[in-house]
Amino acid sequence: MKTPIVFLIFSRPDTTARVFEAIREAKPPRLLVVADGPRADRPGEAERCAATRAIIEGVDWECEVSTNYSDVNLGLKERVSSGLTWAFQAVDEAIILEDDCVPHPTFFRYCEEMLERYRDDQRVMTISGDNFQFGRRRTDESYYFSRYPHCWGWATWRRAWQQYDGAMSIWPRLRDGGWLKDLLGTRQAVSYWRGIFDAVYEKRINSWAYRWTLTCWAQSGLTVLPNVNLVSNVGFMEAATNTTDESYLANIPAEALSFPLRHPSFMIRDAEADAFTQRTLFAGPSLPTRVRGKTKQILRMVRVGGQ
């Protein structure tokens, strides 16, 4: 490997060890580790955070290791966004893995090739290892283009992350201008995403990745998605921050991607695949209704597709 990896960890040594082993097999030349601090009101969390950080001491290949560890708990939004900003001050591009996202070995080569191919193409903002088409193959190529920046295992460049609007400063103007209708088309999708973005803007949901979604959409940014799923999320458990419920998205098997990659001959978003994603991952009533009636279900979805 030539590409640095950013590893986002917290307090789960068991899942962290599984992801670390995948990183260890890939042997990146540089590893940038971002960790949040323990919450004062959670007994035993300080010890779990320490045990999780100790896993990084297992680096036994030629690798430059940099750490950005917080002594206090910053929360999901602030810790991930500040950690990625720190990382992209040091590197121009990186592969990003959270502590519960176990990649297939071919994920790393795929990310590297996509990072190189679209490095200077401003239309592409995210390279994702996720596929939520559930066996529906959309093209004969190795990947397709989407509006959804899924981030259970992903990669990007400094030039894209510099666009990140953590304050969502542009949202009120976009919301009031009818932009979502032009972008999404259907009344249901507009209602869903308006509810999501309003809740995040009003700090009722502590999410960095919904902010990243808005950033990508506001820049008309495309995401590269593989035609097979390359990352399995093993973090659906009681100790998780958001993915605490039983879910059909848990432990989706990671598959091998064949090489050499077959590249699309055009850069057009796959509208059919995106419509399926909207129906299956982001369907249902608007967020305020879901908050009142099904809070846990919303939180389960907070990190789906990078939320």
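Modeller: The largest nonpolar core has 86 residues. A nonpolar core here is a set of buried Ala, Val, Leu, Ile, Met, Phe, Trp, Tyr and Cys residues joined through side-chain atoms within 4.5 Å. Buried means under 20% relative accessible area, exposed over 50%, and partly exposed in between (1.4 Å probe, protein chains only). Ile 127, Trp 193 and Trp 208 have the most contacts inside this core. Helix α8 gives the most to the core, with eight residues.

This is a predicted model: local features need pLDDT of at least 70, side-chain atom pairs count only at pLDDT 80 or more, and totals for chains, interfaces and linings use all residues. Residues are numbered from 1 along each chain as its sequence is written, and side-chain values use heavy atoms, without hydrogens and water.

Now the helix, α1. Helices (H or I, at least four residues) and strands (E, at least two) are DSSP runs, numbered from the N terminus. Helix α1 covers residues 13-26. Its 14 residues should span 20 Å at 1.5 Å a residue, and the end C-alpha atoms are 20 Å apart, which agrees. The expected span is 1.5 Å times one less than the number of residues.

Which residues of α1 are buried? They are Thr 15, Thr 16, Val 19, Phe 20, Ala 22, Ile 23 and Ala 26. These cover an arc of only 155 degrees around the axis, so they sit on the same side of α1. The arc is taken from the directions from the helix axis to the C-beta atoms.

What covers them includes strands β1 (5-9) and β2 (30-35), and helices α2 (45-54) and α4 (106-117). Contact means heavy atoms within 4.5 Å. Just after α1, Lys 27 takes a positive phi of about 55 degrees.
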